[in-house]
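Keep the sequence and the 3D view open as you read.

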Amino acid sequence: FREQPIFSTRAHVFQIDPNTKKNWVPTSKHAVTVSYFYDSTRNVYRIISLDGSKAIINSTITPNMTFTKTSQKFGQWADSRANTVYGLGFSSEHHLSKFAEKFQEFKEAARIAKEKSHEKMELTSTPSQESAGGDIQSPLTPESINGTDDERAMPEMTQNSEPRAEPTQNALPFTHSSTISKHWEAELATLKGNNAKLTAALLESTANVKQWKQQLAAYQEEAERLHKRVTELECVSSQANAVHTHKTELNQTIQELETTLKKKEEEIEGLKQEIENARELQAQRDSLTQKLQEVEIRNKDLEGQLSDLEQRLEKSQNEQEAFRNNLKTLLEILDGKIFELTELRDNLAKLIECS
């Protein structure tokens, strides 16, 4: 738990081909999470990326490292400890710039930590020199100074840090298909959120409709009871004025109940319209889901085509190399024959002169 992630992004991960030192080899089929980690105990910054349970990047940042932008969406850096060059393909220029800023920031922090380690080493070694009569005894081990191993290994990586070219056509289908998939995934997530909200609103509206229907039935029963009461009062009471006043009040109450009923009916109509909209959104979500599946199938087809093209390219290169070797052999044989003919001509000329 001493290491904590301090910044994360998503990118396609590549490594330089250890044989050619020129071509990029993808280490992940899809975009994966790339994170900066900070080890508070050792005061060390690392770049880590996992593809499932496999660590495809485990790079410690040192003051000697440099992150280079080779295009608008691609960057690289050399790791002498891993004896390789890492490359990252981002979905946008903004993500690349943000990653480069963090790299520079943590590189500067690593430099400061290294300087502080040197200062502590000097302060600690000074009393040791006085007490030991000139013998230098440093309590710090090489592993406690960040970047020491990298400084020893940097001369070996001077050739490995040369390539700065973008990934060739090998990486383009992955980036393109990943961008399309991310777009449809974002659309699908938005529709799912809207669908959840509309479903909740629909359930609430259904409960309200049931409650309003119960209230409406209660109002109708109350109105019928009031009508009966009015009839009874008209038949029984001899005070016409009081009955008339009471009847007027009841009529006003009935009108208010009718007005309330109309408002509830209008609200019910509005809820029905919202239900229709929710159904339309559900249909759109299903359509987008189908399109996303088609895009994923297309992505797999493109990966297969890419693999086939790589095999064809390798086969063509091998055939060209074999053809060149055959030509060299024929040229050597031809040179030998020409030399023999030249000697034969010289011998015939000498024979003619002698005769």
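Start with strand 4, residues 44-51. Six of its eight residues are buried, so this strand is largely enclosed by the rest of the structure. Buried means under 20% relative accessible area, exposed means over 50%, and partly exposed lies in between (1.4 Å probe, protein chains only). Strands here are DSSP runs of E with at least two residues, helices are runs of H or I with at least four, and both are numbered from the N terminus.

A caution on the source comes next. This is a predicted model, in which local features need pLDDT of at least 70, side-chain atom pairs count only at pLDDT 80 or more, and totals for chains, interfaces and linings use all residues. Residues are numbered from 1 along each chain as its sequence is written, and side-chain values use heavy atoms, with hydrogens and water left out.

Now look at the neighbours of strand 4. Two strands pair if DSSP finds at least two bridges between them. Strand 3 (residues 32-39) runs antiparallel to strand 4, and six bridges join them. Within this pairing, tyrosine 36 stands opposite isoleucine 47 of strand 4. Strand 5 (residues 54-60) is also joined to strand 4 by six bridges, again antiparallel. Here leucine 50 has alanine 55 of strand 5 as its bridge partner. As background, side chains in a regular strand alternate between the two faces of the sheet.

The turns deserve a look. The hairpin of strand 4 and strand 5 has two residues between the strands, and glycine 52 in the turn has a positive phi of about 75°. The hairpin of strand 3 and strand 4 has four residues between the strands. Asparagine 43 lies in that loop. Its phi is near 60°, a positive value in a residue other than glycine. Asparagine 43 is partly exposed, at 28% relative accessible area. Asparagine 83 also has a positive phi, near 55°. Asparagine 83 sits in the loop between strand 7 (74-79) and strand 8 (84-89). It is partly exposed, with a relative accessible area of 45%.

Turn to the rings. The structure holds 14 aromatic pairs. Rings of Phe, Tyr and Trp (its six-membered ring) pair if their centres lie within 6.5 Å; planes under 30 degrees apart count as stacked, over 60 as edge-to-face and the rest as tilted. Phenylalanine 7 and tyrosine 36 have ring centres 6.1 Å apart and planes at 40°, so this pair is tilted. Phenylalanine 7 lies in strand 1 (residues 3-16) and tyrosine 36 in strand 3, so the pair ties together parts 29 residues apart in sequence. Phenylalanine 7 counts as buried at 17% relative accessibility, and tyrosine 36 counts as buried at 0%.

Tryptophan 77 and phenylalanine 99 form a tilted pair, at 6.4 Å centre to centre and 35° between the planes. This pair links strand 7, which holds tryptophan 77, to helix 1 (residues 93-132), which holds phenylalanine 99, across 22 residues. Tryptophan 77 is buried at 1%, and phenylalanine 99 is buried at 0%. One aromatic cluster includes Phe7, Tyr36, Trp77 and Phe99, with Tyr45 and Phe103 also among its members.

Finally, how far does confidence reach? pLDDT is the predictor's confidence in each residue, from 0 to 100. The chain has a mean pLDDT of 79, and 76% of its residues reach 70 or more. Over residues 127-177 pLDDT stays under 50, and the model has 82 contacts (heavy atoms within 4.5 Å) beyond four places in sequence for them. Where pLDDT is low, the predicted coordinates should not be read in detail.
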